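This report goes through a protein model, starting with one of its pockets and ending with the chain as a whole. Please keep the sequence and the 3D view open while reading.

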Amino acid sequence: MFFVLSRIFSYVASPWLYILAALTAAIFLKKKKAKIYAASAAAFLFLVFTNTPLYYSAEKWWTADVQVQPGQGKTYTYGVVEGGYSEYDPARNRLEFHEAADRLIDAVMLYRKGVIRKIIISGDGSIVDNGGNKDIVLEYLTAWGVRQGDIVFEPEARNTKEHPSAILKLLGEQIKAEPILVITSAIHMKRSLYVFEEAGFKADGYAVDSTILHGRKWTEWLPDINLPAKWYWLLHEWIGNMVYRIA
């Protein structure tokens, strides 16, 4: 039930839903003044959700307290890489990486530096039983210098809430005996740490995939039609964080 509800709630995070709703109202409302208000609302929402400095400020506020990286010299047995960064392409027999690929790339870097000794890949599309290929993922990771025995695949988790329970099912309660390092996108970190800590883990975070604003150039004030996709994920996190705490 929670999984179904989380899917439903995710739809209300799309900025385009509100923009299109306002435009639809502007078309179908009968009164002229109401049409003007609705059209103005659509234009206002479009300018808000395509404004780069505004989005950057919102993301920076949301992630300010999760950007601190692990202390110098601190090490972990397990680094948990939360899925959502890649899928397996059966036509080409290869991985296709998404925008959040930093999750895996930085995990390998941390492994090579000795910050983490084992990598848990949890719930990613590249390893799920109904469409992934763990052998190909293993081939990638070993080519990047990760020992096969240091890779743990957890293919069952379908969302953030299920990561801790799926990992416990796979590795047992003993994993709670020492801190783990959760590696995920900066905007996703609050919700991730919350569910791991609620499940009894001692979890630290390593945040990746942050938006970078380049010196506040005047061009960044121009509308960016790709930005609503970023707003979607940020709003998704705000709604998800609230729902998880209520649930």
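On a 1 Å grid over the protein atoms alone, a pocket is an open set of points where a 1.4 Å probe fits, with protein on both sides within 12 Å along at least five of seven lines, and lining residues have an atom within 4 Å of a point. The model is predicted, so local features need pLDDT of at least 70 and side-chain atom pairs count only at pLDDT 80 or more, while totals for chains, interfaces and linings use all residues. Residues are numbered from 1 along each chain as its sequence is written, and side-chain values use heavy atoms, with hydrogens and water left out.

**The second largest pocket**

The second largest pocket is lined by 14 residues, and Thr52, Thr211, Ile212, Asp224 and Leu227 lie nearest its centre. Its space comes to about 250 Å³, a volume being the space filled by probe spheres set on grid points that are joined across faces, edges and corners. Helix H4 (52-63) and helix H9 (227-246) each supply at least two residues of this lining. Helices (H or I, at least four residues) and strands (E, at least two) are DSSP runs, numbered from the N terminus. By residue class, the lining of the second largest pocket holds six nonpolar, five polar and three charged residues. In this scheme Ala, Val, Leu, Ile, Met, Phe, Trp, Tyr, Cys and Pro count as nonpolar, Asp, Glu, Lys and Arg as charged, and the others, Gly among them, as polar.

A search of the whole structure gives eleven aromatic pairs. Trp231 and Trp238 make an edge-to-face pair, at 6.4 Å centre to centre with 80 degrees between the planes. Rings of Phe, Tyr and Trp (its six-membered ring) pair if their centres lie within 6.5 Å; planes under 30 degrees apart count as stacked, over 60 as edge-to-face and the rest as tilted. Trp231 is buried at 6% relative accessibility, whereas Trp238 is partly exposed at 28%. Here buried means under 20% relative accessible area, exposed over 50%, and partly exposed in between (1.4 Å probe, protein chains only). Phe49, Tyr55, Trp61, Trp62, Trp231 and Trp238 form one aromatic cluster.

Lys190 lies over the face of Trp61, 5.9 Å from the ring centre. Lys190 also lies over the face of Trp62, at 4.2 Å from the ring centre. A charge sits over a ring if NZ of Lys or CZ of Arg is within 6 Å of the ring centre and within 35 degrees of the ring normal.

**Helix H8**

Helix H8 (residues 189-198) is largely enclosed by the rest of the structure, because seven of its ten residues are buried. The buried residues are Met189, Arg191, Ser192, Leu193, Tyr194, Val195 and Phe196. They pack against strand E1 (76-82), helix H7 (163-171), strand E6 (180-185), strand E7 (203-208) and H9; contact means heavy atoms within 4.5 Å. Just after H8, Gly200 takes a positive phi of about 95 degrees.

Most residues other than glycine have a negative phi.

**Residues brought together**

Ile120 lies in strand E4 (residues 116-122) and is buried, at 0% relative accessibility. Leaving out residues up to four places away in sequence, Ile120 touches Tyr78, Gly79, Val80, Val81, Val152, Ile167, Leu171 and Ile175. Ile120 and Phe153 are 33 residues apart along the chain, and their C-alpha atoms are separated by 5.9 Å.

Gly73 is in the loop between H4 and E1 and is exposed, at 68% relative accessibility. From Gly73 to Gly114 there are 41 residues in sequence and 9.4 Å in space, C-alpha to C-alpha.

**The chain as a whole**

The protein chain has nine helices and seven strands. Its C-alpha atoms fill a box of roughly 70 × 45 × 40 Å, taken along the principal axes. Of the 247 residues, 47% count as buried. Among contacts with a separation of 6 or more, residues 24 or more positions apart account for 71%.
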